[in-house]
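Let's take a walk through a protein model and look at a few of its corners. Have the structure open beside you and follow along.

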Amino acid sequence: MNIKRAKQEIKDSIEAYLTKDNYGEYKIPSIRQRPILLMGPPGIGKTQIMEQIARECEIGLVAYTITHHTRQSAIGLPFIREKEYSGQTYSVTEYTMSEIIASVYEKIEQTGNKEGILFIDEINCVSETLAPTMLQFLQCKMFGNQKVPDGWIIVAAGNPPEYNKSVRDFDVVTLDRMKKIDVEADYEVWKEYAYQAGILAYLEIRKEYFYRMETTVDGKAFVTARGWEDLSQLLKVYEELGKDIDREVVFQYLQHLKIAKDFANYYELYKKYKEDYGIERILKGQWNQETIGRLKFAAFDEKLSVVGLLNGKLSEMFAESYRQDAYVTELFGWLKQLKTGKTLSQVVKEIHEDFNEKKKKEKLGKAQEHMLLDVIKTLESYEQISKAEHLEAEAEFER
């Protein structure tokens, strides 16, 4: 399935796992809440969707890449404790709390949210010494002698063996205790979230270049959704800064020489079309018959590029309009509180408290955070104007 469907599957599982009965107990007991295993090629967004899921489900998120951990950090360090059994004192080995489990408790303390996702990336690339620990974790939801707190759902991600030499296969016993979701690259889904119109216009012509993984005499040659997305953001900023993009820069993101060259050449033409056709002027209704005549007899790739430019610019305008609407709606909601008798200073104080609380509980995406900061800035400017007018009125009265 594609990453969009996988995201919905995970959200549905979380909703089911966290549903409680009339006694406040989970309807699906912890032992039956199978860990979710996302398996798919690298760079298609497996890791990226986890923050979105946690925010949309309003639960916590603790994420770890397990290959960065040793056995000691995963299960804790041993120490000796004296214990008495049947009147005899013995030295017993115990373990400190796992760093990973401790992070879950820290997240609970930080956000006040007792439910969440424990996400373990590259789950099938653990070292040989850590492999038994990971099997215990997936089967029993424990690291060493420390259990994952109830209400925390385990989601793991891994790459198939053809993409990573370090992959270790899970046995049937382990797989039979997991909810396995196989994910594939899907351009039609990815383009819903793409940033840069030039890349979209190119991939509409070269859809077969969206995801490539090949073995050549020089090693691996590959292009992933992550590469396109990162390049997309770079292009957007480079365009704002007036910097050039050549094939050497493109190859840093699209590590497949043929595709990198092809896209770099296309992008040069794309920028030329943007100037020649005057996309900004067309959207303002300032076009002439010469422009229409030229487009009528243009090659198919050129027509598609111009349409991509227009769609890209319209998407930017729609996004900005949506952002402005959200900003005005939020601002109006806070200003309405002045009708209840609150002062502007009280409203400013309350929005600061509301913002800090939402940020602490990790309920804000970047776009929403920036919108709220703009609202706070506007209200603070109103407050300063109000104070200045008040002081001016007092000074006028004294005179």
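## Two helices side by side

Let's begin with helix 9 and helix 11, which meet in a right-handed crossing. This comes from a predicted model, as does everything else below. For helix 9 (residues 225-241) and helix 11 (residues 257-277), the angle is about 35° and the axes are 14 Å apart.

Now for the residues that do the touching. Helix 9 brings Trp228, Leu231, Leu235 and Glu239 to the contact, while helix 11 brings Ile259, Phe263, Tyr267 and Lys274. Sorted by class, the contact of helix 9 with helix 11 has six nonpolar residues, two charged ones and no polar ones.

Rolling a probe the size of a water molecule over the atoms shows where empty space is left. How many cavities of 30 Å³ or more does a search of the whole structure find? The search finds one. The space in the largest cavity comes to about 30 Å³.

Around the largest cavity you'll find Ser30, Gln33, Lys141, Lys147, Val148, Pro149, Asp150, Gly151 and Trp152. This lining splits into three nonpolar, three polar and three charged residues.

Is Gln33 buried or exposed? Gln33 counts as buried because its relative accessible area is 6%, which is under the 20% cut-off. Leaving out residues up to four places away in sequence, Gln33 touches Tyr17, Tyr26, Ile28, Lys141 and Ile153. Lys141 also belongs to the lining of the largest cavity.

Phe170 is in the loop between strand 8 and helix 6 (172-175). Not counting residues up to four places away in sequence, Phe170 touches Leu37, Ile123, Asn124, Leu135, Leu138 and Leu175. Take Asn124 from that list: Phe170 and Asn124 are 46 residues apart along the chain, yet their C-alpha atoms are separated by 7.6 Å.

Leu344 belongs to helix 15 (residues 344-360). With a relative accessible area of 16%, Leu344 is buried too. Which residues does Leu344 contact, leaving aside neighbours within four places in sequence? They are Leu338, Leu379, Tyr382, Glu383 and Ser386.

## Out in the loops

Time for some backbone angles. Most residues other than glycine have a negative phi. Glu58, however, has a positive phi, near 55°. Glu58 is in the loop between helix 2 (48-57) and strand 2 (60-65), and it counts as exposed because its relative accessibility is 51%, over the 50% cut-off.

Ser86 also has a positive phi near 55°. Look for Ser86 in the loop between strand 3 (78-85) and strand 4 (88-95). Ser86 is exposed, with a relative accessible area of 82%.

Our last stop is Lys207, in the loop between helix 8 (197-205) and strand 10 (212-216). Lys207 is partly exposed, at 39% relative accessible area. Not counting residues up to four places away in sequence, Lys207 touches Tyr187 and Glu188. The C-alpha atoms of Lys207 and Asp186 are separated by 9.8 Å, and the two residues are 21 apart along the chain.

Notes:
Residues are numbered from 1 along each chain as its sequence is written. This is a predicted model: local features need pLDDT of at least 70, side-chain atom pairs count only at pLDDT 80 or more; totals for chains, interfaces and linings use all residues. Side-chain values use heavy atoms; hydrogens and water are left out. On a 1 Å grid over the protein atoms alone, a cavity is a set of points where a 1.4 Å probe fits but cannot get out, and a pocket is an open set with protein on both sides within 12 Å along at least five of seven lines; lining residues have an atom within 4 Å of a point. Grid points are joined across faces, edges and corners, and a volume is the space filled by probe spheres set on the points. Ala, Val, Leu, Ile, Met, Phe, Trp, Tyr, Cys and Pro count as nonpolar, Asp, Glu, Lys and Arg as charged, and the others, Gly among them, as polar. Buried means under 20% relative accessible area, exposed over 50%, partly exposed in between (1.4 Å probe, protein chains only). Contact means heavy atoms within 4.5 Å. Axes are lines fitted to C-alpha atoms, for helices over the stretch in contact, and angles run from 0 to 180 degrees between N-to-C directions. Helices (H or I, at least four residues) and strands (E, at least two) are DSSP runs, numbered from the N terminus. A crossing is left-handed if the near helix is turned anticlockwise from the far one by less than a right angle, and right-handed if clockwise.
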